[in-house]
Amino acid sequence: MSPAPRLRVRSVAVDVTGDLLTRIPDEVDPREVVTWLREGDGLVGWGTVASVSTSGVDRFEDAERWWEALRDAAAVEDEVRLPGSGLVAFGSFAFAAGSTDPSVLTVPRVLMGRRDGLAWVTQVVTEGEPWPPDHPAELLGRSNPMLGTLDPLIEAEGSVPASAWPGVISRAVERIDDGEVEKVVLARDVVVRHREGRVVRLAPVLERLEKRYAATWTFAVAGLVGATPEMLVRLQAGRARSRVLAGTIRRSNGIPLPSEPAQGPNDPRLHLVTSTKDLDEHAFAVRSVSAALAPHCSELHVPEAPYVLELPDVYHLASDLTGTMASGATSLRLAAALHPTAAVCGTPTEAAARVIGELEGMDRGRYAGPVGWMDGSGDGDWGIALRCGELSADRRSVRLFAGGGIVAASDPEAELAETEMKLTAMRHALGLLAP
Ligand SMILES: C=C(O[C@@H]1C=C(C(=O)O)C=C[C@H]1O)C(=O)O
């Protein structure tokens, strides 16, 4: 692991209107774009002033140790003092300890933030490096004229062809019937390439995700890009929150949000909140999150019943848990304690992870792992990397992922359809589907 450099950090308040994504210059390496956005607020940055790669079972602890050393050595001038100002690292962690894909914590050179009408720019240099010549506000005067232009892409099968997916699900249901696991979450991938073999630009993809998926967190970290509806843990001023999703049904059609009026007995939302299969799947996920959060909290509120979260393509059963922190753990440590929840792995965890390894036929990489950011106080947001794709090392292709929870009552064809619905977010953002 590389030693942590000494950093100088300054955050200054600025005026900014419009989309933060328009400020990402096209010449920036797409794997160095970092984003965490929801409804226009959040963080957008680029460049790498310091980063660490970790792997294996200690990938979280090693990253945390590096972060502590970096933070302790940094000289920070922060006139903004909001969550996300000052020194901030973005992170993305592999789902499995055995993954060949490294986990990453990275500190961008430039980070723009906006929160409740206040905006700021953070710049970071290493000790001995000069500050960039431009005033931070000048960064915001620029906008990228190519943001609306998507790259021409083509899609190919992934590790397991779609036609073979129902067979994989049937094998999982057999393992459940045999009593090896109660629930297992299985995912598949598809690969999307630039038609002309060029680098895939991420900023236009992020813009489309953010516009269409307002109720999600649009993220980019080290080439992993997506719009996740699932918050693994948010830690802010001693309060921890987690949004658990599990149980999914397709929306009947593209009726615009917000809330459609009830459609009577055939309303899919009604079906979802009364489906024993989905409620069971959901209960497993809520139990795994509350069991992992409880040791860190003096008080933890777990809702008795889930609500329906509406996304443009699917409905999910959702539960928001809130806790008062007692352990002093950082947001990253909490994320590590929570990962993997039964929403993305299964129950019991170890047996489910084994079944995933045997049946999925692929390395998940950083899909379904924690993705997010953390500031110098340890506060931050860590989502679960879902509805996402990972840009290849040569930046010319993106691997998209989607999965679903399998329980005894799961139907293999319906599970294939569910992964197709979940792939819609990235396919749409990449321009592979009509608007
Ligand atoms: C696994 C994914 O989603 C997860 C699985 C869900 C389900 O099985 O119903 C719902 C939301 C997520 O927790 C994915 O989007 O790839």
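Which residues have the most contacts inside the largest nonpolar core?

**Figure 1. The largest nonpolar core of the predicted model.** This core has 89 residues, and those with the most contacts inside it are Leu7, Trp67, Phe90, Leu105, Val107, Val184 and Leu186. A nonpolar core is a set of buried Ala, Val, Leu, Ile, Met, Phe, Trp, Tyr and Cys residues joined through side-chain atoms within 4.5 Å. Buried means under 20% relative accessible area, exposed over 50%, and partly exposed in between (1.4 Å probe, protein chains only). Another core, of 40 residues, lies apart from the largest one and includes Leu20, Trp46, Leu139 and Val192.

**Figure 2. Surroundings of Leu105.** Leaving aside residues up to four places away in sequence, Leu105 touches Ala50, Ser51, Val52, Ala63, Trp66, Trp67, Ala89, Phe90, Gly91, Phe93, Leu332 and Trp382. A contact is taken as heavy atoms within 4.5 Å. For contacts in the chain between residues at least 6 apart in sequence, 74% join residues at least 24 apart.

Figure 3. Helices (H or I, at least four residues) and strands (E, at least two) are DSSP runs, numbered from the N terminus.

**Figure 4. Positive phi at Ala368 and Arg395.** Ala368, not a glycine, has a phi of about 70° and is found in the loop between α8 and β20 (370-375). At 0% relative accessibility, Ala368 is buried. For Arg395, also a residue other than glycine, phi is near 65°. Arg395 lies in the loop between β22 (388-391) and β23 (397-406) and is partly exposed, with a relative accessible area of 22%.

Figure 5. Buried residues make up 58% of the 435 residues.

**Notes.** Residues are numbered from 1 along each chain as its sequence is written, and side-chain values use heavy atoms, with hydrogens and water left out. In this predicted model, local features need pLDDT of at least 70 and side-chain atom pairs count only at pLDDT 80 or more, while totals for chains, interfaces and linings use all residues.
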